[in-house]
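Here are my notes on the model you sent. Please read them with the structure open.

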Amino acid sequence: MELIFQNAWLVPLFPFLASILLGLGLFFFPNSIKKFRRICSFISILFLSLAMLLSFHFFFFWQITGSPIHRYLWSWVLYKNFVLEIGYLLDPLTSIMLVLVTTVAVMVMIYSDSYMFYDEGYIKFFCYLSLFTASMLGLVLSPNLIQVYIFWELVGMCSYLLIGFWFTRPSAANACQKAFVTNRIGDFGLLLGILGFYWITGSFDFQQLSKRFFELLSYNQINLVFATLCALFLFLGPVAKSAQFPLHIWLPDAMEGPTPISALIHAATMVAAGIFLIARMFPLFQMLPFVMSIISWTGAITALLGATIALAQKDLKKGLAYSTMSQLGYMMLALGIGSYKAGLFHLITHAYSKALLFLGSGSVIHSMEPIVGYHPNKSQNMIFMGGLRQYMPITAITFLFGTLSLCGIPPFACFWSKDEILVNSWLHFPILGSIAFFTAGLTAFYMFRIYFLTFEGDFRGHFFDDVKKLSSISIWGSLEFNKEQSKLDKKLTLYPKEANNIMLFPLIILTIPTVFIGFIGILFDENKMNVDSLSYWLTLSINSFNYSNSEKFLEFLFNAIPSVSIAFFGILIAFYLYGPNFSFLKKEKKKLQLKSEIDIVLKSFSNFIYNWSYYRAYIDGFYSSFFIKGLRFLIKIVSFIDRWIIDGIINGIGIFSFFGGESLKYIEGGRIFFFIFFQFFYVFVFFL
């Protein structure tokens, strides 16, 4: 078994080799390799499947034997007393993340084989996808901060390439640049934090870092202000990578990339990297209470902000993107309040649920494109959807399962993790708990709003060329149009079709963990102690730091009543406003349409919420006005000063010297009449 652990480096190597093979093929045989498209995708899927099998082996072996932590290091840089090592670290956290990344990535690759088949960049896409997965796997296995930073940058580079995959579209080119620049801010902070902690502890290694920091803190040999500043700089990296406020602005624009890469980014790679780094550094952060408070409040604000912006999104993928932002806020909140297991548990359950939702949205978009066109403003616009359940039943059912999970409805996966976060946050600080509970209600509302507008009601795709026939999607009402007139106006007989079996296979497979993986967190009695599977797997990762979950199963269910009630309340509101227009609902709506001051207040409030959501909480506009336009204005001022003042002085001196020299050339020419002329001239001036 020791030999197997020593070969853990094969896990990231397999997808990396696939990327290298496809890249070399594209470079040396750009035309010939296009004839072997399916073989190229098969190579990528095969190599990643091998990595997945190896990851499962590590995972199950750890579960059965409870093996200790394995670290394998090689010296990389040796200079006097400075030693920099590279290698890999295997512990329960690593084994779980390896399984998570590889399983989701394999499903995404199988899905992409059909989704991207007719794209000209099909082989290049699989090359990028394999490199992206290899970078994330390398990051997970990293035993020190330097190695993490290397793979951290590789993940950022791959995301830049994949978000801008269709770079000929201006919006995609702008989106990848926006993601790249925003993450550069976080990465610079991360680098400063890494160097700061090396200055304090003299080590980059995770285990040595926490141990030395604890020892120095025990003997009061650390400047807490400086240590806190370094921790905040380090936290800036995950803030950008995991789309936390205020560096969240790149995430919805990243939807310009192909839908499979949106699923991978939002489920198990880029945004998960920030949460993983916080979890890996959790023992150190836990010794700095102020930093933990900042992490928790950042997560709470992000969760609430993402939920409020998602309320009235028209774009299907952007609605799911803001949902991801909100759920990442939950994870950050859990880690900030010290609920290590709950945060990582939600990372796992959310990954499978969100991968299922994004691949389901890709199936919807794929079926809508032949009808409404291939531009995202049409194919991803929920105005032109509706009634897709009767045309795409499997996609609708799987999407519904993902929606129920994300809303926190038992027994789906996210219920178990989200409810634990809600309870722990309420016990930690009621204000944080109130924000978390309110966000849970908003999540249920906007997720079922997306489901109802996409899969229920009547199909509206035939009216994509005449938007006037459709009312705008209001926050307080469903789409309404004249059904009788619509029957007469339908000239097209083209309707959406269910995706092919290759695309449906990942959806069905991902439904299994979406429904059942939450049960790994259920408490059971083991040796008269309350233990759960996930706690057992993660015990070695947090060493001796506090973690306790003493709730019994029935107590857990009793505590879940408030969160489930709030979720059902949000679902009922969404059903009332966007669900199928049953006759009794229409009558109730007419009763509520009162021409009173209350109605005016509600309408103005709904307009405010709609504008808040449509303009992304005005944050993008503020950044554009304050930073982009402000920076351009500052550059213009600096350019004016440089060109007309600094260069003007230098050029003025040069011109003055030139004309002065030209004048002196004639005056000091040695001719006597010039001297006599100036002598009489100055005498004349003197007597005047």
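Predicted model: local features only at pLDDT ≥ 70, side-chain atom pairs only at ≥ 80, totals over all residues.

1. Overall make-up. The chain holds 29 helices and four strands. It has 688 residues, and 55% of them are buried.

2. Contacts and surface. Take contacts with a separation of 6 or more: 79% of them join residues 24 or more positions apart.

3. H4 against H12. Helix H4 spans residues 92-115, and helix H12 spans residues 270-280. Their axes come within 11 Å and cross at roughly 170°. Angles over 145 degrees count as roughly antiparallel, so H4 is roughly antiparallel to H12. On the H4 side, the contact uses Leu-93, Thr-94 and Met-97. H12 answers with Phe-276, Ala-279 and Arg-280. By class, that gives four nonpolar residues, one polar and one charged.

4. H4 against H11. Helix H11 covers residues 259-267. The axes of H4 and H11 lie 9 Å apart, at an angle of about 170°. H4 and H11 are therefore roughly antiparallel as well. H4 contributes Val-104, Ala-105, Val-108, Tyr-111, Ser-112 and Tyr-115. From H11 come Thr-259, Pro-260, Ala-263, Leu-264 and Ala-267. Nine residues of this contact are nonpolar, two are polar and none is charged.

5. To check by eye. Which residue classes make up the contact of H4 with H11? Nonpolar and polar ones, with no charged residue. The contact of H4 with H12 does include one charged residue.

Notes. Residues numbered from 1 in each chain as written. Heavy atoms only, no water. Helix = DSSP H or I, 4+ residues; strand = E, 2+ residues; numbered from the N terminus. Buried < 20%, exposed > 50% of the residue type's maximum accessible area, 1.4 Å probe, protein only. Contact = heavy atoms within 4.5 Å. Axes fitted to C-alpha atoms, helices over the stretch in contact; angles between N-to-C directions. Parallel < 35°, antiparallel > 145°, perpendicular 65-115°, else oblique. Nonpolar A, V, L, I, M, F, W, Y, C, P; charged D, E, K, R; others polar.
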